[in-house]
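Reader: I would like to learn how to read charged pairs, ligand shells and surface patches in a model such as this one. Could we take them in turn?

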Amino acid sequence: MKRMLTRLTPLVLAAALLAWPWAAGAAAPGVGECQDCHGDKTIEKSLPGGGTLSLFVDEKAYRGSVHGKGGCTTCHADAKAPHGKLEKVSCGKCHPDAEKSYSGSTHGKGHAKGIQDVAWCADCHGKHDIRKSKDPAARTFHLTIAGVCLKCHKDRAIEDKYHLPGQEVMEAYESSVHGMALKKSGLMGTAVCPDCHGNHAILPGDQPRSATHRQNLPTLCGKCHSGILEKYEKSVHGKGMRGGIADSPVCTDCHGEHRITKITDPTSSVYSKNIPKTCASARCHENAGIASKYAIPKKRFSTYMDSFHGIALEYGMTKAANCASCHGFHDILPAADPDSTVNKANIPKTCGKCHPNAGPNFAKGAIHVEVTPQKAMGVFAVRAFYTIFISSLVVLFVLHVGLELHGRRRRKRMEEGKKE
Ligand code: HEC
Ligand code: HEC
Ligand code: HEC
Ligand code: HEC
Ligand code: HEC
Ligand code: HEC
Ligand code: HEC
Ligand code: HEC
Ligand code: HEC
Ligand code: HEC
């Protein structure tokens, strides 16, 4: 009798569990009738392409999931034991908004074409263990989701097949300031893949509707870096960009996207020593086409590199002025603007940050001196004089040494001739 009771208790419990979803008002059949078979850890089926698919469903995980109160037919609407071939699950019938934005995305369009490699609902959310994204146990939890994206986006075979950015780029994210804040500090506020790319409506950056399209980037980064966005919007670059000038830099032109590091990191594109190269990159201030198109003075990089500051920076003196020390960075304005740091009136203050006794005299000399007879006759003449003078000296010196050697050899030969 006692033995029978102990045998019965689990049965009663199971029955209670089975009755529970119905008690909650769901008309769906329970879980138990399915778990008679699918609760068996060894149940599997062979796949046409070889290999097997486990048909085991972990009931505990399922119960803890967001759909766990309902029966299996919540999603497998046509399942009724015993069953034959079942329809594919449609999440969209209950989540039409998610389905709609997903279907317009790169992943969604691929899925509609039957491409197996793209992400579908269950690839990001799971099937039987779906949880609300706020739940730290969810796959879509803020600190977990990057791993889900990277499962495919660090896969060499997928990258090659779909011409996606290389593995190095994805590894760069992991060691970027945002990736480190995620991995090392578990910082909820840091940027993970869907913060920049979105979750359902993901599109490549060259499409205007994409979250990562140039035109949307300042606002995107500004979601978190709002103080910087405010400055940028008022700057010559921000106004230009908003005015439709596609050549005007957005955040990622100066900072990169996946590789963004702390500004104090020597590999950062905006580390003091790298700033001149970043401002002068082939697309910007050393590009003659850009300079004439927008009537900006030319050769900013070469003139800077010829200056005291440029030479000092090149030799490792990171305290020397770089472009940003004089022009600012997010708040750059044209020199003619009275608020510009390089407006004549403000130069003593700007130089004074590093040259404490900078007075009005500092505003007198030109900073970007292009050394041509038209632009700076004085400097040009001095430079030309020294170039000729030093070259002549070198030639004379070589000639002198050559003649001297020749003479010595001749003298030696003559002496030897005398001896014989
Ligand atoms: C008598 C055992 C049994 C019961 C009860 C049972 N299944 Fe199955 N189920 C199977 C077998 C066997 C397969 C593999 C069929 C195959 O080879 O395609 C399967 C496959 C499936 C699949 C995968 C279908 C596919 O094509 O990949 C789903 C989904 C499924 N079952 C859901 C359910 C649901 C929901 C219930 C409860 C309403 C249920 N099953 C009850 C034995 C069972
Ligand atoms: C939130 C929706 C949802 C619910 C609820 C659900 N499933 Fe599934 N199930 C899926 C999805 C999605 C798949 C992937 C195959 C597909 O697209 O049809 C799947 C696949 C399966 C498979 C095939 C093996 C696998 O893992 O791919 C089995 C077996 C299965 N489900 C059984 C069950 C059982 C038993 C229950 C109830 C305990 C259940 N499912 C409840 C969404 C669901
Ligand atoms: C029969 C309708 C139905 C189907 C089919 C269905 N869901 Fe749900 N889903 C719901 C309901 C209802 C909730 C809300 C549960 C709650 O709030 O407790 C929910 C909640 C969710 C949540 C959490 C939402 C939040 O607020 O954070 C996610 C994520 C989710 N479902 C994804 C899916 C995915 C993925 C599929 C397909 C594999 C799917 N659902 C299939 C009805 C459905
Ligand atoms: C590429 C990954 C990915 C795919 C594919 C995907 N989702 Fe999501 N989904 C997410 C992420 C990430 C979030 C949570 C964003 C957040 O933190 O609020 C989310 C949120 C949700 C939510 C909760 C709504 C909300 O705003 O909190 C539902 C419901 C949902 N998804 C359903 C679906 C359905 C249905 C599909 C398929 C049509 C799908 N998802 C496809 C990644 C994905
Ligand atoms: C199951 C694998 C898989 C997962 C998970 C996945 N992706 Fe993808 N993704 C792909 C494939 C494959 C493509 C290429 C599809 C194509 O070009 O047709 C793609 C395309 C993209 C593209 C567009 C690239 C382009 O040039 O068209 C972006 C952006 C993207 N994924 C971001 C993400 C993000 C962010 C996540 C996570 C929230 C994610 N993906 C999760 C497989 C995946
Ligand atoms: C700080 C924002 C940010 C984060 C975080 C981020 N990306 Fe990107 N991603 C971008 C930008 C910006 C582009 C370039 C868009 C362009 O100019 O075409 C890009 C490009 C891509 C592309 C190439 C397709 C395209 O749009 O050109 C893929 C794929 C991609 N990212 C995947 C990921 C994945 C996976 C993660 C997470 C591991 C991630 N990204 C994290 C901003 C980000
Ligand atoms: C014209 C190039 C340029 C553009 C455009 C630009 N930045 Fe910067 N940013 C810089 C430079 C240079 C620095 C480093 C200045 C320094 O050494 O203090 C910097 C510094 C930063 C910092 C670190 C701030 C600090 O002082 O700790 C953040 C965060 C940042 N930028 C975000 C952004 C965002 C977001 C945008 C777009 C709204 C943006 N940047 C646009 C050049 C730029
Ligand atoms: C979801 C919020 C979020 C988004 C979106 C975001 N960032 Fe960040 N970013 C952060 C946080 C948080 C940190 C600080 C991490 C730390 O200090 O460990 C950070 C750090 C930085 C830094 C380093 C600052 C330093 O102190 O050196 C730069 C530069 C930066 N972000 C640029 C960008 C750019 C450019 C974009 C857009 C492409 C962007 N961020 C998008 C949250 C975000
Ligand atoms: C020591 C301070 C200083 C440094 C360093 C500096 N500049 Fe300048 N820059 C100025 C001053 C002052 C002006 C305005 C007068 C002039 O053209 O000489 C100016 C003018 C300009 C202008 C024209 C602005 C206008 O409104 O006409 C551009 C563009 C420019 N600089 C870019 C750069 C770039 C790029 C770098 C770095 C490679 C750089 N500058 C480094 C001080 C500096
Ligand atoms: C970020 C700090 C910084 C700013 C801002 C700056 N300088 Fe300098 N400057 C230096 C340093 C450091 C040196 C020393 C380099 C060397 O010894 O070769 C230097 C050297 C010079 C020299 C060479 C003669 C000397 O005193 O060694 C001149 C001239 C000069 N700066 C002018 C200016 C003018 C004009 C401005 C403003 C338009 C300016 N600097 C802004 C840091 C700065």
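**Charged pairs, ligand shells and a patch**

Author: The side chains of Lys161 and Asp117 form a salt bridge, with an N to O distance of 2.8 Å; the term stands for a side-chain nitrogen of Lys or Arg within 4 Å of a carboxyl oxygen of Asp or Glu. This is a predicted model, in which local features need pLDDT of at least 70 and side-chain atom pairs count only at pLDDT 80 or more, whereas totals for chains, interfaces and linings use all residues. Residues are numbered from 1 along each chain as its sequence is written, chains are lettered from A and ligands numbered from 1 in the order in which they are written, and side-chain values use heavy atoms, leaving out hydrogens and water.

Reader: Which parts of the chain does the pair of Lys161 and Asp117 link?

Author: Side chains of opposite charge can pair when their charged atoms come close. Here the pair links distant parts of the chain, 44 residues apart, with Lys161 in helix H8 (residues 156-162) and Asp117 in the loop between helix H5 (106-112) and helix H6 (121-125); helices are DSSP runs of H or I with at least four residues, numbered from the N terminus.

Reader: Is Lys161 buried or exposed?

Author: Buried means under 20% relative accessible area, exposed over 50%, and partly exposed in between (1.4 Å probe, protein chains only). Lys161 counts as exposed because its relative accessibility is 55%, while Asp117, at 29%, is partly exposed.

Reader: Which residues come nearest to ligand 10?

Author: A residue is near a molecule if one of its heavy atoms lies within 4 Å of it. Around ligand 10 there are 14 residues, of which His309, Cys351, Cys354, His355 and Phe362 come nearest. A polar side-chain atom of His309 lies 2.7 Å from a nitrogen atom of the ligand, and one of His355 lies 2.8 Å from a nitrogen atom of ligand 10. Helix H19 (308-314) and helix H21 (347-352) each supply at least two residues of this shell, H19 giving the most, with 3 residues.

Reader: Which residues form the nonpolar patch on the surface?

Author: Patches of this kind join nonpolar side chains (Val, Leu, Ile, Met, Phe, Trp, Tyr) within 5 Å, from residues with over 30% relative accessible area and no salt bridge. Phe389, Ile390, Leu393, Val394, Phe397, Val398, Val401 and Leu405 form the patch, with about 750 Å² of accessible area together. Phe389 is found in helix H22 (residues 377-419), and at 41% relative accessibility it counts as partly exposed.

Technical notes
Polar contact = N/O pair within 3.5 Å; in protein donor to acceptor, adjacent residues only side chain to side chain. Patch = residues over 30% accessible without salt bridge, like charges linked within 9 Å, V, L, I, M, F, W, Y side chains within 5 Å. Areas by Shrake-Rupley, 256 points an atom, 1.4 Å probe, with all protein chains shown as cover.
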